[in-house]
Structures are given as structure tokens and as C-alpha cells.
Amino acid sequence: MTNTPSLHQTVDHWSRFTLRQRLMRYGGLLFTLLIVAWALSSIDVIWEWVWDAPTQMGDLFGRMLPPDPSNLPSILEAIWQTVNIATLATMFAVVVSLPVAYISAQNTTPNRVTLWIGRFILVSSRSVNTIIWALLFVAIFGPGIVAGIVAIMFRSIGFLGKLLGEAIEEIDQKPVEALEACGASRFKIVLYAIVPQVMPAFFAVAILRWDINLRESTVLGLVGAGGIGMILQGAIDTFNWPEVSTVLLTILALVVFGEVVSSYMRRRIL
Amino acid sequence: MLKISKLTKRYGAGDPVLKELDLTVEGDQLTSVIGSSGAGKSTLLRCINRLVEPTSGSVDLNGTEFTTLNRRELRTARRRIGMVFQSFNLIDRLTVMENVQSGRLGYISTWAALTRRYPREDIRHAYELMERVGIAHYADRRADELSGGERQRVGVVRALMQRPEILLADEPTASLDPKTSEQIMSLLRDLASELKLPVIINIHNVTEAKEYSDRIVGMRYGRIIFDDRPDRLDKPEMDEIYAGVPAMDRAEVGAVA
Amino acid sequence: MSMARTTWRKPPFIKNPTLRYGLYAAVTIYVVFTLATLPIDWDRVSDGMRRAQRIFNGAFPPNFERSGLLIDGFLESLKIAILATVGGIALSVPLAFMAARNVSIKPVYLLGRGIIIVARSFHPVIVAIIFVKAVGFGPFAGALTLVVYSIGFVAKLLAERIEEIDFGQVEAMRSVGAGFLSTLVYAVVPQIMPRLVGLGIYQLDSNLRASAVVGIVGAGGIGATLANAFGRYDYDFALAITMVIVGVILLSEAVSGFIRKQIA
């Protein structure tokens, strides 16, 4: 890191970085500043609104207090629906993602064509956001929980398939070799040498995705795909701010609940 | 009887790792293959059951020519060759019994494999063999809970579950401490004579090879340059087999003669 | 060897049989019940299939004619993401120190953790709706949303990194009589700096992704362009936008992965 001065010179100067390193750092900083300046100067905002924002925010949160629990029964029902969307979608996605992971892992895929099919499925599922999937499926299935489940499922397949595929690629090949030497068929090798090795990753990934899906399910209702988001949208549209804050608190409780459950399951299973 | 003739293996365009090699093993002989790293020992063993595809030559086990089998036939034929590995190659997260039964995967139905409902005869046989090598009380334990020597015993039992006609062992003691490694060697020797099973062992430790084998094969640069009883292996032969190996590595190999 | 055993069962994962079968039963009942009560209206679905076909027919081929609009939308998303990342990190650093158990005092720690939990719990779309209502439509609401989103991620991981620091260096600084601030600058900041830079680059990538979504509820950027196209039944333009979003996301993922690998 430091430049070593020659022994003949008297050392009265020290710097942490070489000149080149320092130039790189200043250059990086300057570049960042320029980018930020560009973004700030050209972004299309009405600055009066920005200066006004703290007042507006305070005003809004003031109107949310105190939370109004009168609609709590239907909020809780919607929360239950949200949990169901996340759980069912995760279960379906896990089932579908298994073969996708199998064909998109380099060491198990039957051939190059299947590898690319698998990768294509993963990329298209992962890059399209849940909300966009939901827009599409609401158009197909009509508003409601079914569109939500399918949307969450489509988004989860890519996530689960990618992580499971990576887990398959990281397995120890030695047991596979041993079972090949025993004359076991391909399917039995998968069953005995690959499945047990991937099992911990499988559960970890499924639990993680369930936790993420709980959060994602809370917004499905905003595009009409069921769950708590429907009620939130309704309350916002009617400027019923005390109810909005009740819904937000319920969502907070749901997310914390999800985190507690998933960390408990991780500890039990792994 | 295993009869290997003119076996050649070449990786890519380089010099062949095995050069027209001939070897015949029969009866309940325990044959040790010695030689420095890179002499082709491991490739030789893996060419026998075609874990490594030989380039040319013939491998004949009791009348079956292995090199010309198609995939399906090869799978059936591999059941007849048991193999034991240097790093045991067990499935860590499965129980000892499942590991042992995985040796029977070539025989049992997929349903039985999936539900772990193994045939009664296989279970009886498994307990018998585990009892023989002293691991029967571990049947329900996970394989990764066992010590190295115990794990290699599981590996041996898995290979024997196949009721093989020959047993191949690729450096079976290289990952074990000296005491355990002697136990495994004497186990392999005893099993060879009890089960009338020819055994071929790749081994680094010449002292152990001399003590436990009926026959020693010395390899160098893909050729067999020594093939005789252990007591005929003396310093000149050793020097030839390990010629060019730095003194440090020789010490590791074990002082002989 | 006393008696030849001919049976073997795999030891069950859950030892207690009551608990085991109880769990199986509970899971079965839950799945059957929730599936059975799913309100699937098959007439609506078959109707929807026709609708889906119309959408797809309308979407192909994708229409890139209004690429000017597309590029403007993207530049806006990029600006939102950059400003939100800078703002988010600026807020995350003090918040992370507040929420690190080893450098903070108990009440401040609890406050810091509380803010992070709240920021993490709400999906950006929900945050965006609230901000849109509070400060009006447009990129400013989007940037605020993503600042909150960045805090939830960057502050949490940074706080965890601060909790893992080597405390010997802090003690060394204190032993030479350094004040609180110089202790932070000399003993803590150098240890967390690499992580902060890595998180910042990762978060820029995440924010770019998220900005495409929050636009759907009116918070500016390419998402707003997409929502407009969808709302006006311009499915061919919507498909073009979606394809470009996917492309940009893949590109930015690759770039951010490359930079982080270079730094690490």
C-alpha cells in the first residue's frame, strides 16, 4: 500500500496511497459528483413541492393518527388471504422450480438445448417484477387471489430455480462417481447422490422465498390481485387515513411474524 | 478373471497415460499397484469400469468385454465391479444403511429406492457385512458422524453389497491415519480370501503394499515395469519404479529394503 | 451375531409420532382447505384466455416507434436511482451507527433498529403510494420511496458489519486519548468502507430495478411510462418497454457484479 522511500532520503513525508491510487480515488469521487450533479440538475421535479414536502408529510401522518380499528375484522381476513397467497404460491413455485433447476445446472442438464431453455425460463421469470406479472394475470384470471397466486409463483420460479441450480452445481461430485461405479441409473443417482446434498439449500431457499413472498403479497391488491393491498388501496382512495395506518400496522405485524416464523423454521430444519 | 490387454488411454493430444498395458488378475489374489503420482494408477483402475473411457485395448471380466458395451449394458456390467475410493465418496447426509444399500441401486426398483423399502435379503446381507466389518451399530447414524476408518468400512460394505466379481480400491488408505490404514488393508486382505474375491489396490505406501499383498505391480509412465511377489521387490526395482522422484517424496513413499 | 435382521426403516425426521402425524395432518388440511376455497371462476378464466390472446396479439410485434419516450423514461429512472442511492447511503451511515449494538447506547440502538425494521417491512410500492399522496406524482415521490428502500437494506447490513468490527482497534484509539469522532474515523470507518462501497453499488442496481416498479403507482420513471402504455391498451409499446427493462436489468446486474468483483 505505502510507497517505500529509498534509504538515502530523509523520510519526512508519508502518504497512505501512491499518487496513482490517489488520482484514481479523486477521479472516482469527481465522477460520482458529476453524475449526481447531472441527475439533480436535469430531473423533472417541481422544487417548491420538495421544500413543501416535510410539511405535507407531517400533515399526512398527523391525519393517520389515531389508527382506526373499526374495520379490523375484514383487515385480518385480508391478511389471512395474503398469507395464503404467499404460502400456496411458494409451494407451487417450489414444485415447478425443481425440474427447471435440474435443467439449468451445468452438471445435470441433459444437453445444451435444455440448458438454454432452463436459463431462459429463469431470466424471464426473474427480470419481470411481481407487479408486472400481476398486471398480466389480472387481465387473464380477473381480479382476485388466483391472479395473485399465479403472479407470485411466476416470479418465484426464477429465484428458486436460480439458487437451486447453483446449489446443484456446487455439489460434491464424488458420491455421483461412486454410484455410477455401482451401475445405478441416472434417476437413482439424482435421488441418492444429488437430492440429499441439495436438501439443506432447498429448504433454506424455499423458506427465504416464502418470507419475501409475504412482503410481495401485500402489494398485489394494488393492481387487483387480492390480499391486504385491496383494502389499503380502498382506504387511500377514500382518504380514510386512520384506516390506512391500521392496515400499515397490520402489514408490519405480518412481516415481523413472517421473519420470526422463517428464522424458527431455519433453525429447526437446518 | 480380469484380463486387460493392450489398454491405452490418451487425454487430448498429449502423451498417453496408459501405453498398451497388459494385466491379468484372478482367484482371491490381492494385487497392489504402486508407482509415483502420474504413473497412471488411478487411470488404470478407472478404465476397468469405464469411469474413464479407455482410448483403445480390451478389458475382459469373466467373459464380458467391457470396452464395447453401450451405456445400458455398461450400467448392468458395472454392478459386477465393486469400487472403493480414497475419499470414501459416501453421501454424507444419508444414513449408513442408505449408503450401504446404494450399492444395490443397480438391482432394486426405482420405487424401492425412493421409499427406502429395500428387499429383505439385501437388508440381511447388509447387516451381515456391517457386522463383519464392525459398523452394524451405526446403521441409523448419518455417514458424516463417523470417523475416517468407519467411513471407509461403509465404503467397503457398499462395494461388497453389489456381490462383485472383483473389487477395485483407489488409494483406500490415503486419507487415513497409519493405524486405521493398516486395519483397512488387513480387512481388504481378509475379505479377499473369505469371499474368494480378486482385489486390485492402488496404493502409495509401499511398506503397506509389501505387507498385505499377494502380488505387486509397479507402474511407471503408463507401463508395467514390475510384476511379482512382494518379497521380490527390492531396492533396485524400487529405484526403477520411483526413478526421478525427489528424495522428499521417496521418504513419504516409505523406506524399503 | 445373534439374529439375522431382515427389516430396516429410515429413522423418521421427527421422532415423536404424535407430533409427526399431527404435523402431516395439519399441513394436509391447510392445503386442501385453502385450495378448495380458492375462488376460481372458470367462465372468467376462459374469457380471460381470449383476453390474454388479444393482449398478446396486440403486443406482437413490439413497437419501438416512440423510443424517445422510452429513453426519457429510462433516464428518469436512472436519475431517481442515483439520487436515491446517494441519499439513502447518506442516511444509512448514521443510522447504521445508531443501530449497531457495540458502538451505540441502548435507547438509540432500539430507535435505529426500529427505523430499519419499518423501512424494510413495507414493499416499495406501498411506500410509493403514500409518498405520491403526500408530495404528488412524479420522480420526487419515487426518489423518496427508494431512499426508504435503500435504508432498509444498506443500514441493516452496514450495522451488522459494524457489529463485527475488530474492537481492538477502537480500544487502541481510545487508549491514545482520541475523541469519539476521531475514533470513528480512524478505527471504525476504515473497517467498514469496503462493505459500504460494495453495498452502494449493489443498491444502485436494486434501485434501478425497483424504480421500474414504483412508477406503476405514479412515482415517475420508466414504470410510469409502462403503466400509461398498459392503461391505453398500447400493448405493443408495453411489450417494447418490458423488453428494454429486462435488458437493462440484466446489463446493470452484470455491470454491478463486475465492479463489486473488481473491488473485493
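Student: How many bridges join S1(B) to S2(B)?
Tutor: This is a predicted model, in which local features need pLDDT of at least 70 and side-chain atom pairs count only at pLDDT 80 or more, while totals for chains, interfaces and linings use all residues. Residues are numbered from 1 along each chain as its sequence is written, and chains are lettered from A and ligands numbered from 1 in the order in which they are written. Strands (E, at least two residues) and helices (H or I, at least four) are DSSP runs numbered from the N terminus, and two strands pair if DSSP finds at least two bridges between them. S1(B) and S2(B) run antiparallel, with Leu7(B) taking Leu21(B) in S2(B) as its bridge partner, and the number of bridges joining these two strands is five.

Student: In what order do the four strands of chain B form the open sheet?
Tutor: Strands of a sheet pair through backbone hydrogen bonds, either parallel or antiparallel. In this open sheet of chain B the pairing is antiparallel, and the order of the four strands is S2-S1-S4-S5.

Student: Which strands of chain B stand at the edges?
Tutor: An edge strand here has a single partner strand, so one side of it is left without a neighbour in the sheet. The two that stand in this position are strand S2 (18-25) and strand S5 (64-65) of chain B.

Student: Does Lys9(B) count as buried or exposed?
Tutor: Lys9(B) belongs to strand S1 (residues 2-9) of chain B, and its contacts (C-beta atoms, placed from the backbone, within 7 Å) beyond four places in sequence include Pro16(B), Leu18(B), Cys47(B) and Val52(B). A residue is buried if 20 or more other C-beta atoms lie within 10 Å of its own, exposed if 12 or fewer, and partly exposed in between. Because Lys9(B) has 21 C-beta neighbours inside 10 Å, this lysine counts as buried.

Student: Which residue in the turn of the hairpin formed by S9(B) and S10(B) has a positive phi?
Tutor: Strand S9 (residues 215-220) and strand S10 (residues 223-228) of chain B run antiparallel and are joined by five bridges, with Val217(B) paired to Asp227(B) in S10(B). Two residues lie between the strands, and the one in the turn with a positive phi, of about 50°, is Tyr221(B).

Student: Where in H8(A) does a kink of about 50° lie?
Tutor: The expected span of a helix is 1.5 Å times one less than its number of residues, and for the 35 residues of helix H8 (residues 186-220) of chain A a straight helix would span 51 Å, whereas the end C-alpha atoms are only 41 Å apart. A bend is the angle between axes fitted to the seven residues ending at a residue and the seven starting there. In H8(A), the kink of about 50° lies shortly before the proline Pro196(A), at Val195(A).

Student: Of the residues of H1(A), what is the number buried?
Tutor: Helix H1 (residues 19-42) of chain A has 24 residues, which should span 34 Å at 1.5 Å a residue, in agreement with its end C-alpha atoms being 34 Å apart. H1(A) lies largely in the open, because the number of its residues that are buried is one.

Student: How many residues are in the largest nonpolar core?
Tutor: A nonpolar core is a set of buried Ala, Val, Leu, Ile, Met, Phe, Trp, Tyr and Cys residues joined through C-beta atoms within 7 Å. Among the members of the largest core that touch the most others are Ala134(A), Ala151(A), Val125(C) and Ile241(C), and the total number of residues in this core is 224.

Student: Which helix of chain A gives the most to this core?
Tutor: The contribution of this helix is 15 residues. It spans residues 145-169 of chain A, and its name is H6.

Student: How many residues of chain A are in contact with chain C?
Tutor: On the chain C side, 40 residues take part in the contact. From chain A, the number is likewise 40.

Note on methods
Two residues are in contact if their C-beta atoms, placed from the backbone, lie within 7 Å.
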